[in-house]
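Please read the following report alongside the sequence and the 3D structure. The headings follow the topics in turn.

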Amino acid sequence: MTEHQKDRFATGVIYFLVGIVVILLAGILGNILINGLPHLSWHFLTSESSDFQAGGGVRDQLFNSVYLLVLTTIISLPIALGAAIYLSEYARDNWITHLIRSTIEILSSLPSIVVGLFGYLLFVVQFGFGFSILSGALALTFFNLPILTSNIEESLKGVSATQREAGLALGLSNWKTIRGIVVPAALPGIITGVVLSGGRIFGEAATLIYTAGQSGSLVDYHNWNPLSPTSFLNVMRPAETLAVHIWKVNTEGIISDATAVSAATGALLVLVVIIFNLSARYFGNKLYQKLTAAK
Amino acid sequence: MTKIITTKAVRLKYGNSEALHGIDLDFEAKQLTTLIGPSGCGKSTFLRCLNRMNDDIPNVHISGDIKFEGHDIYTNKTDLVALRKEVGMVFQQPTPFPFSVFDNVAFGLRLARIKDKALIEERVIESLKQAAIWNETKDVLNRNAQRFSGGQQQRICIARALAVRPKVVLLDEPTSALDPISSAEVEQTLIQLKRQYTFIMVTHNLQQASRISDQTAFFMNGDLIESGATEKMFIKPKRQMTNDYLNGRFG
């Protein structure tokens, strides 16, 4: 083979491999949407799930999924941001930081079922939070922290050292340089990290089965008092999410339309993740533009 | 003429290796002084001592005497914010922050807790004019400063350094990352400003040093070999080593 032929061959192989990835992903996505979308209806989105009869919806599961995602992000983002700032800006290169880094790597590959059982023992049993949104959100924080931290750390490290020097040369303290220059400059990467981990949280089932529980209790969407047991904002009530719902109707569900319900729930899950993705990017870009005047 | 910065027996060690072997060099106010010498001779290291930019490098030990307007700048009580407000710095790579042109130039002012918006705006405009970048930015002050060309970015950085009205501006090879046209623009800016500010500039470009500087100091292997008026040094250097370097026989 000549150099030219080798080049064409290699290019061909690369295109072929990319083709496989695209076909696989498009196939999965298409399959979920084609099977699920016909069963999606306004009624499905706005009615309660049913335990015995056909025709139930996923109103509570949809809300619970979004609520858990928001709570988990609120809890884990500040912690991850702080840890990432420490690791990228302050940490010296010694055995303690090596230990922290390897711990984060190990934790990020921890099976979610293990996180779920750990969360069950610690939050549900030990702290007595019971099967609740709070237990679920805390367990998901454990699940989420390692990846979010290393994503944010990477984006902070991507900000060039000359920016930090320029900040110091203007008389900024270390902290002001980080807050005023490094974090705003790293914002797009930080947003990507939040979006990626958001998708993971949204689709997570195993962690929640043991922490947020399954039983859909009575939820009143007009009750805005978060301390009332029936309020939709109450964090101490058990809450089934979309992903847990799919698992449940397919394992212990006895409804006759289980296939249709899980197909529709699956499609809804994918759609919500896409919407979350796009809107997080949109608002993230708006914030970035506002901070940096990037047009 | 008044001496604005004086240094005596400045030594700097990275761990066990000494990079500066005792430098005595004084800088005249409102003059442009260039520091020249082959790579690794210590001129940038010395420049960075003058506003304590070497402080954050691990294992650095600095001894000797560096005074700004007669005050030792290496005491425990030295206010680094105040010092760097008086002794600004511009780097080799243009370093605009990822904000608008206006916010970049106003950064130091806001840091100095100037709240008066009219004053900030006046200073920003004046500084952009001084740095000869006003005509190119006046209609796009809200544009991200990183979206300008390298030469424009460097002049925005000069404007940012000038905005806090420093007495001295340190320039670490400010044109070496720029193309010839941009670098000529920056040179022009410095020539126009050198009666108002004290500039201390490191450069590898000997023509540039001879074109724009009043004083020149020649460094070699961590020692100051010779310093004096640029014209004299370039025409008739006192030392053979300086003569060899200026004629391109090493370096």
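At what angle do the axes of helix H4 and helix H6 of chain A cross? The axes of H4 (residues 95-108) and H6 (residues 133-157) of chain A come within 8 Å and cross at roughly 125°. Axes here are lines fitted to C-alpha atoms, for helices over the stretch in contact, with angles running from 0 to 180 degrees between N-to-C directions.

## Basis of the model

This is a predicted model, in which local features need pLDDT of at least 70 and side-chain atom pairs count only at pLDDT 80 or more, while totals for chains, interfaces and linings use all residues. Residues are numbered from 1 along each chain as its sequence is written, and chains are lettered from A and ligands numbered from 1 in the order in which they are written.

The model scores ipTM 0.82 and pTM 0.82. The pLDDT is the predictor's confidence in each residue, from 0 to 100. For chain B its mean is 90, and 99% of the residues reach 70 or more. Within chain B, confidence is lowest in helix H7 (residues 180-193), at a mean of 87, and highest in strand S8 (residues 198-202), at 95.

## Chain A

Chain A has 11 helices and 0 strands; helices (H or I, at least four residues) and strands (E, at least two) are DSSP runs, numbered from the N terminus. The C-alpha trace of chain A spans about 70 × 60 × 40 Å along its principal axes.

H4(A) and H6(A) are therefore oblique to each other. By the convention used, angles under 35 degrees count as roughly parallel, over 145 as roughly antiparallel, 65 to 115 as roughly perpendicular and the rest as oblique. Ile104(A), Leu107(A) and Ser108(A) of H4(A) meet Pro146(A), Ile147(A), Thr149(A) and Ser150(A) of H6(A) in the contact, where contact requires C-beta atoms, placed from the backbone, to lie within 7 Å. By class, this contact has 4 nonpolar, 3 polar and no charged residues. Ala, Val, Leu, Ile, Met, Phe, Trp, Tyr, Cys and Pro count as nonpolar, Asp, Glu, Lys and Arg as charged, and the others, Gly among them, as polar.

## Strands of chain B

Strands S1 (residues 3-14) and S2 (residues 17-28) of chain B pair in the antiparallel sense over 9 bridges; two strands pair if DSSP finds at least two bridges between them. Arg11(B) has His21(B) in S2(B) as its bridge partner. The two strands form a hairpin with 2 residues between them, and Gly15(B) in the turn has a positive phi of about 60°.

An open sheet of 6 strands runs in the order S6-S7-S8-S3-S9-S10 (chain B), with mixed pairing. Its edge strands are S6 (87-90) and S10 (223-229) of chain B, each pairing on one side only. The twist averages 15° from one strand to the next. S6(B) pairs with S7 (residues 168-172) of chain B in the parallel sense over 4 bridges, and Val90(B) stands opposite Leu171(B) in S7(B).

## Helices packed in chain B

Helix H6 (residues 150-163) of chain B packs on the sheet, touching S6 and S7 of chain B, and its direction makes about 170° with that of S6(B).

The axes of H6(B) and H7(B) come within 8 Å and cross at roughly 20°. That makes H6(B) roughly parallel to H7(B). Residues of this contact divide into 3 nonpolar, 6 polar and 2 charged.

## Interface

In the interface, 22 residues of chain B are in contact with 16 residues of chain A. Helices H2 (80-86) and H3 (101-111) of chain B each supply at least two residues of the side that touches chain A. By class, that side of chain B has 10 nonpolar, 7 polar and 5 charged residues.

Terms used: Contact = placed C-beta atoms within 7 Å.
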